[in-house]
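Here is my note on the structure you sent. Please read it with the model open beside you.

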Amino acid sequence: MEKGAINPWKWQDERSYAQAVEVKNPNGTLYVSGQTAISAEGASSDEDMESQLKLAIKNLEQVISGAGYECSGIVRLNIYTTSTDELWPHFSILQEWIAKNNIKQAATLMEVKSLFETLKVELEATAVR
């Protein structure tokens, strides 16, 4: 598999995403449903944004690795939040995770009216290998 980022500018680098990602000859593609701060027992978190973001990342990692993929293979990441104001102070958590895993992904961030029950953030991904 060959993967490359297409960035006609530099400003997106500070925001931890690529304008586009091209994948040639993948051996598989994994479409991951939105992962949130839901416990292994199925309970939705009612904690703060920081805690929910950390658990959503952990759950995303678990699904990806459980399918035999690596987080470095993420090529698309959609971020849904009920409050960008609450998310921004903790955005570095996501950026550090992206850098640590050498993820080069196209991304979209959307503020939505609500998520399931008490949830504040949801991460939806596409990964390749």
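1. Start with a term. A residue is called buried under 20% relative accessible area, exposed over 50%, and partly exposed in between. Trp9 has 45% relative accessibility, so Trp9 counts as partly exposed. Keep in mind that this is a predicted model.

2. Stay with the aromatic rings. A pair of aromatic rings is described by the distance of the centres and the angle of the planes. Searching the whole structure gives three aromatic pairs. In one of them, the ring centres of Trp9 and Trp11 are 5.9 Å apart. Their planes meet at 25°, and planes under 30 degrees apart count as stacked, so this pair is stacked. Trp11 is partly exposed, at 41% relative accessible area.

3. Now compare another pair. The centres of the Trp88 and Phe91 rings lie 5.2 Å apart. Here the planes stand at 65°, and over 60 counts as edge-to-face, so the pair is edge-to-face. Are the two partners buried or exposed, or partly exposed? Trp88 is partly exposed, with a relative accessible area of 45%. Phe91 has 13% relative accessibility and therefore counts as buried.

4. Two further ring features deserve a look. Trp9, Trp11 and Tyr17 are linked into a cluster by ring pairs. Elsewhere, Arg129 sits over the face of Tyr69, 4.1 Å from the ring centre.

5. Next, the sheet. Strands of a sheet pair through backbone hydrogen bonds, either parallel or antiparallel. In this model, four strands form an open sheet in the order S3-S6-S4-S5, and the pairing is mixed. Which strands stand at the edges? They are S3 and strand S5 (106-111). Each has a single partner strand, so one side of each is left without a neighbour in the sheet. From one strand to the next, the twist averages 5°.

6. Strand S4 (residues 74-81) and S5 run parallel, joined by six bridges. Tyr80 stands opposite Met110 in S5.

7. Helix H3 (residues 91-100) lies across S4 and strand S6 (121-128). Helix H3 runs at about 170° to S4.

8. Finally, a loop residue. Where is Ser39? Ser39 is in the loop between strand S3 (29-35) and helix H1 (49-66). Its relative accessible area is 26%, so Ser39 is partly exposed. Ser39 and Asn59 are 20 residues apart along the chain, and their C-alpha atoms are separated by 8.6 Å.

Technical notes. Residues are numbered from 1 along each chain as its sequence is written. This is a predicted model: local features need pLDDT of at least 70, side-chain atom pairs count only at pLDDT 80 or more; totals for chains, interfaces and linings use all residues. Side-chain values use heavy atoms; hydrogens and water are left out. Helices (H or I, at least four residues) and strands (E, at least two) are DSSP runs, numbered from the N terminus. Buried means under 20% relative accessible area, exposed over 50%, partly exposed in between (1.4 Å probe, protein chains only). Two strands pair if DSSP finds at least two bridges between them. Axes are lines fitted to C-alpha atoms, for helices over the stretch in contact, and angles run from 0 to 180 degrees between N-to-C directions. Contact means heavy atoms within 4.5 Å. Rings of Phe, Tyr and Trp (its six-membered ring) pair if their centres lie within 6.5 Å; planes under 30 degrees apart count as stacked, over 60 as edge-to-face and the rest as tilted. A charge sits over a ring if NZ of Lys or CZ of Arg is within 6 Å of the ring centre and within 35 degrees of the ring normal.
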